[in-house]
Amino acid sequence: MVDEGLKIELGKQGVFVTTIEELYNWGRKSSIWPMQFGLACCAIEMIATTMARYDLARFGAEVFRPSPRQADMMIISGTVTKKMAPQVVRLYNQMAEPKYVIAMGACAISGGPFKQGYNVLKGIDRYIPVDVHIPGCPPRPEALLQAFMTLQKKIEAQHLTGAGRPRHLDAEGQGEFPVPVQGEHDLEPTSNKGVWPLPVIIR
Amino acid sequence: MPGAGVGIVSNPGPSGQHSLRLNPSHAAAVAKFLRDDAELALDFLSNVTGVDWPDKEIAEKVKVSKAVDGVEQTVEETRKRVEPGCLEVVYHLFSVARKHGPVILRMRTVNRTDQVELPSLTSIWRSAEFQEREVFDLYGVVFTGHPDLRRLLMWDEFTDHPMRRDYVEPDDFEYEPTAHDAVAARAAAHQEPREGKVAGQ
């Protein structure tokens, strides 16, 4: 790594010093293309975020792709029903690495007001890894921008080698997650324990 | 219409929305009359919904004459009988042409286990199609003559009817960070008991 002070000094002399890692991550974080799909009312806030007032394009994410093959990020914007959950997981599996997930709103992170309903999944993080959770019902566009910036910081901080490197640089990395089957009474299995180990409840 | 078997179910509440109980075997003819009659002209079906009436246990006091110590006496006895439940479908009709309504129709199945067929009114009011599918999905009423009777909200492999009173939801209460009341009690079954702590609190 280049010393920060030295970098600034060299910059004053007209010499630009960087690392491949920084350059690579700068490129990745500056053009995250979201997948174009919405699940419920949060999607309306997501649409508002892309429009002129909030302008997601400032962060290089205005290009919503209607195909999972071209998308880098999935915004789970709304209630995930048990009927929809297998399709959401399947779409995530079809995305190319590196891929990221923002769970937007109370429903997507926990089931929200429908948590005890018979047809609502209690959080999409039971089946796929979620990078940023946003609470709110629905979250304001500013909250989505905040989540987006959090994701950018996360990408920026990723090292290209060693433990915790992005999955696409890890030969062992597993980017596919089992799609739940719609059973006679519930989804089977009810959660992917590899992604979602039972959280500890502090009482 | 003689023999149509239409009864009136009165509503004693302040809204006073009384309804018509139809005999399922004549329901299609009655519905057609309600739609086509020039005075009624009930051309708009706004809502179809279901009601689940579970089996009801009724305790009754009956006076029985009995021989007590050789003497005939009248003794009060409590007897329990089970009134069989049923599934009910409710239709709300309005007339756009005559600007009146609602007229409420009710139909009941024989029981809530094996004889759950009712005639579909989709052929009279097209808007019944999806709503009858929803009632089929959530209550398990089978509409005979329905053009496309599939589940609407739940997936095809699902076998339960979630809006019935005896529906048992899957026991996935292993993680309830903000549980209270009934949810807390169910979540407690998944938690290890702690000393000095009452389960579910």
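Predicted model: local features only at pLDDT ≥ 70, side-chain atom pairs only at ≥ 80, totals over all residues.
**Confidence**

I began with the scores. The model has an ipTM of 0.78 and a pTM of 0.85. For chain B I noted an average pLDDT of 87, with 95% of the residues scoring at least 70.

**Chain A, overall**

I looked up the secondary structure of chain A and found six helices and five strands. Along the sequence they follow the pattern α-α-α-β-α-β-α-β-α-β-β. Along the principal axes, the C-alpha atoms of chain A fill a box of roughly 70 × 40 × 40 Å. Chain A has 203 residues, and 33% of them count as buried. Among contacts with a separation of 6 or more, 75% are between residues 24 or more positions apart.

**Start of chain A**

I then went to helix α1 of chain A, residues 4–12. How many of its nine residues are buried? The count is zero, and the helix is hardly covered. Just after α1(A) comes A:Gly14, for which I noted a positive phi of about 85 degrees.

**The sheet in chain A**

Next I traced the open sheet, which has three strands in the order β1-β2-β3 of chain A, with parallel pairing. Its edge strands are β1 and β3 of chain A, each of which pairs on one side only. On average, neighbouring strands in this sheet are turned by 15 degrees against each other, direction ignored.

I looked at one pair in detail. β1(A) and β2(A) run parallel and are joined by five bridges. A:Ser77 has A:Met104 in β2(A) as its bridge partner. I also checked α6(A), which lies across β2 and β3 of chain A and runs at about 165 degrees to β3(A).

**Cores**

Which residues touch the most other members of the largest nonpolar core? I found A:Ile76, A:Ile102, A:Ala103, A:Met104 and A:Ile124, in a core of 43 residues. Several elements of chain A give two or more residues to this core, including β1 (73–77), β2 (100–104), α4 (85–94) and α6 (141–156). Another core lies apart from it and has 24 residues, among them B:Trp125, B:Ala128, B:Val135 and B:Phe143. In soluble globular proteins, nonpolar side chains tend to be buried together.

I followed A:Ile124 further. Leaving aside neighbours within four places in sequence, A:Ile124 is in contact with A:Ile76, A:Val80, A:Val88, A:Ala103, A:Ala108 and A:Val130.

**B:Leu34**

In chain B I picked B:Leu34, which is in helix α1 (residues 27–36). Is B:Leu34 buried or exposed? B:Leu34 is buried, because 21 other C-beta atoms lie within 10 Å and the cut-off for buried is 20 or more. Beyond its neighbours within four places in sequence, B:Leu34 is in contact with B:Leu40, B:Leu42, B:Leu93 and B:Val103. I also took the C-alpha to C-alpha distance from B:Leu34 to B:Leu149, which is 24 Å for a pair 115 residues apart in sequence.

**Between the chains**

Last, I looked at where the chains meet. In chain B, 15 residues are in contact with 14 residues of chain A.

Definitions and conventions:
Residues numbered from 1 in each chain as written. Chains lettered and ligands numbered in written order. Contact = placed C-beta atoms within 7 Å. Helix = DSSP H or I, 4+ residues; strand = E, 2+ residues; numbered from the N terminus. Buried ≥ 20, exposed ≤ 12 C-beta atoms within 10 Å, placed from the backbone. Core = buried A, V, L, I, M, F, W, Y, C linked by C-beta atoms within 7 Å. Pairing = 2+ DSSP bridges. Axes fitted to C-alpha atoms, helices over the stretch in contact; angles between N-to-C directions. pLDDT = per-residue confidence, 0-100.
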